[in-house]
Amino acid sequence: MAQDGTEKQTEQQKDVSSEERHRRRKKRYAKEFRNTILVLLIAGAVIVLSAVFLIPVYRITGNTMTPTLEEGNIVLSVKTGKLKEGDLAAVRYHDKILIRRVIGLPGDEIEIDDSGTVKVNGEVLAEPYVSEPALGQTDVTFPYEVPEGEYFVMGDNR
């Protein structure tokens, strides 16, 4: 009988030990789960902040940049203050972001004739990205001098 009591005690100790291991394992998994969620949240926040402030991502809608960019294309934009003629730029216009090509820099004189030929400072602008030159509708009177701190932009599909 004494042996039966010892066996029961040993079995109870095994159960307690097993229960303790299970509790510790459960606690460790819960901690790892919390840490994983925290890392994913931080990574997501970094990605979102980068996309908004450093390298915005835009989906092209419409055909104003055809043939260079087609509707549905996705482009990354790098924020810089150093634009030059021919660069593509993301421009805010009436609460929309538009992708356009820089035609004129501050101080440049822009002229577009009835056939759609663009001249910058009196020289015809080479535009291999334009499939068919056209004037289109505009409220700008030509010749137009680009004000300081501003840029003259146009879409490629004219």
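Me: Leaving aside neighbours within four places in sequence, which residues is proline 106 in contact with?
Reply: This is a predicted model, so everything here is computed from predicted coordinates. In it, proline 106 is in contact with Val146, Pro147, Glu148, Gly149, Glu150 and Tyr151. Contact takes heavy atoms within 4.5 Å.

Me: Why is proline 106 called partly exposed?
Reply: Its relative accessibility is 28%. Buried would need under 20% and exposed over 50%, with partly exposed in between, so proline 106 counts as partly exposed. You'll find proline 106 in the loop between β4 and β5.

Me: And serine 77, what makes it buried or exposed?
Reply: Serine 77 has 16% relative accessibility. The cut-off for buried is under 20%, so serine 77 counts as buried. Serine 77 sits in the loop between β2 and β3. Beyond its neighbours within four places in sequence, serine 77 is in contact with Leu54, Ile55, Pro56, Tyr58 and Ala90.

Me: What makes histidine 94 worth a label?
Reply: Histidine 94 has a positive phi of about 50° although it is not a glycine. The residue belongs to the hairpin of β3 and β4, which has two residues between the strands. With 64% relative accessibility, histidine 94 is past the over 50% mark, so it counts as exposed.

Me: Where is asparagine 121, and why is it called partly exposed?
Reply: Asparagine 121 is in the loop between β6 and β7. At 46% relative accessibility it falls between the 20% and 50% cut-offs, so the label is partly exposed. Asparagine 121 also has a positive phi, near 55°, in a residue other than glycine.

Me: How do you know that β3 and β4 pair?
Reply: Pairing takes at least two bridges between two strands. β3 and β4 have six bridges, in the antiparallel sense, so they pass by the definition.

Me: What about β4 and β9?
Reply: Three bridges join β4 to β9, and the two run antiparallel; with at least two needed, they count as paired. Arginine 101 has methionine 154 in β9 as its bridge partner, and glycine 104 stands opposite phenylalanine 152 in β9.

Me: Why are β3 and β9 called edge strands?
Reply: β3, β4 and β9 form an open sheet in the order β3-β4-β9, with antiparallel pairing. β3 and β9 each pair on one side only, which is what makes them the edge strands. Neighbouring strands of this sheet are turned by 60° against each other on average, direction ignored.

Me: Which strands make up the four-stranded sheet, and which are its edges?
Reply: That open sheet has the order β7-β6-β5-β8, again with antiparallel pairing. β7 and β8 are the edge strands, since each pairs on one side only. β5 and β8 are joined by two bridges, and at least two is what pairing asks for. In this sheet's β8, tyrosine 144 stands opposite isoleucine 110.

Me: Which peptide bonds are cis?
Reply: A cis bond joins threonine 66 and proline 67, with omega about 10°. The bond from phenylalanine 142 to proline 143 is cis too, with omega near 0°. Proline 67 lies in the loop between β1 and β2, and proline 143 in the loop between β7 and β8.

Me: How much space lies in the largest pocket, and what lines it?
Reply: About 960 Å³. Of its 29 lining residues, the closest to its centre are Arg100, Phe152, Val153, Met154 and Gly155. β3, β4 and β9 each supply at least two residues of that lining. By class, the lining has 18 nonpolar, seven polar and four charged residues.

Me: And the second largest pocket?
Reply: Its volume is about 410 Å³. Of the 17 residues lining it, Ser77, Val78, Leu88, Ala89 and Ala90 are the closest to its centre. The largest share of this lining, five residues, comes from β3. The lining divides into 13 nonpolar, two polar and two charged residues.

Terms used:
Residues are numbered from 1 along each chain as its sequence is written. This is a predicted model: local features need pLDDT of at least 70, side-chain atom pairs count only at pLDDT 80 or more; totals for chains, interfaces and linings use all residues. Side-chain values use heavy atoms; hydrogens and water are left out. On a 1 Å grid over the protein atoms alone, a cavity is a set of points where a 1.4 Å probe fits but cannot get out, and a pocket is an open set with protein on both sides within 12 Å along at least five of seven lines; lining residues have an atom within 4 Å of a point. Grid points are joined across faces, edges and corners, and a volume is the space filled by probe spheres set on the points. Ala, Val, Leu, Ile, Met, Phe, Trp, Tyr, Cys and Pro count as nonpolar, Asp, Glu, Lys and Arg as charged, and the others, Gly among them, as polar. Buried means under 20% relative accessible area, exposed over 50%, partly exposed in between (1.4 Å probe, protein chains only). Axes are lines fitted to C-alpha atoms, for helices over the stretch in contact, and angles run from 0 to 180 degrees between N-to-C directions.
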